[in-house]
Amino acid sequence: MEFAGTIPSRSSQAIVQDVQYDHYGRRMASCLNDFSINIHDLQTSGEWKLTYSWKAHSGTIFALAWAAPEFGQIIASCSSDQQVHIWEEPDEAAESWTRRTSLVDAKEAVCDIKFAPRFHGLRLAAASKDGYVRIYEAPDVMNLATWSSLEFFEAEPGGGALSLAWCTSRFDPPMVAVGTDRGNLKIWADDESV
């Protein structure tokens, strides 16, 4: 690989906590230690342009995730403030994306989030320091204000769930791998499919 460029920060004090490309590689979301989310769009010149920037949480944002494009321009963010926010790009020119809902079930910091593969619908898994993984679903993808809790499970009793990944195979039941603060990697499968 060769160096392709730098997107300068607005502040010399900023630390990028996470960065995620969208499905097509034309947009990039990043979260900074100042509790903000930035959206950059790739221009025809090959330069990245900051198109949105907003304060998104009241604590450090640990991770971002883009939903599959058929659900629209949707990102999720998770934070040390124990919340997950679902954001949607506004229809009109605005300084920030629109927060559609906040998921506030975690008892400690939410460390990681991932949207499920699109063939499972609009689902989001969240791993938190309280040891639990919570899986949410938007039953109506046209109404992002309403998310139901599909299930939650204690991934690491007495410990924390720090990272996770969905199995992307269409041929296996829905599965989530969870990395814990005790060095374990635990795999959870949908019990109705096993």
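1. Salt bridges come to ten in this predicted model. The rule is a side-chain nitrogen of Lys or Arg within 4 Å of a carboxyl oxygen of Asp or Glu. Local features need pLDDT of at least 70, side-chain atom pairs count only at pLDDT 80 or more, and totals for chains, interfaces and linings use all residues of the predicted model. Residues are numbered from 1 along each chain as its sequence is written, and side-chain values use heavy atoms, with hydrogens and water left out.

2. Take Arg 100 and Glu 88. They form a salt bridge, with the closest N and O atoms 2.7 Å apart. Arg 100 sits in strand E8 (residues 98–103) and Glu 88 in strand E7 (residues 84–88), so the bridge ties together parts twelve residues apart in sequence. Strands (E, at least two residues) and helices (H or I, at least four) are DSSP runs, numbered from the N terminus. Arg 100 is partly exposed, at 35% relative accessibility. Glu 88 is partly exposed as well, at 23%. On this scale, buried means under 20% relative accessible area, exposed means over 50%, and partly exposed lies in between (1.4 Å probe, protein chains only).

3. Lys 114 pairs with Asp 112. The closest N and O atoms of this salt bridge are 2.9 Å apart. Lys 114 is partly exposed, with a relative accessible area of 30%. Asp 112 counts as buried, at 8% relative accessibility.

4. Lys 186 meets Glu 156 through their side chains. This salt bridge spans 3.6 Å, N to O. Lys 186 belongs to strand E15 (residues 185–189), while Glu 156 lies in the loop between strand E12 (148–154) and strand E13 (161–166), so the pair ties together parts 30 residues apart in sequence. Lys 186 is partly exposed, at 24% relative accessible area. Glu 156 is buried, at 4%.

5. Finally, Ser 30. This residue lies in strand E2 (residues 27–32). Ser 30 counts as buried because its relative accessibility is 8%. Which residues does Ser 30 touch, not counting those up to four places away in sequence? They are Val 16, Asp 18, Val 19, Ser 36, Ile 37, Asn 38, His 40 and Leu 64. A contact here means heavy atoms within 4.5 Å.
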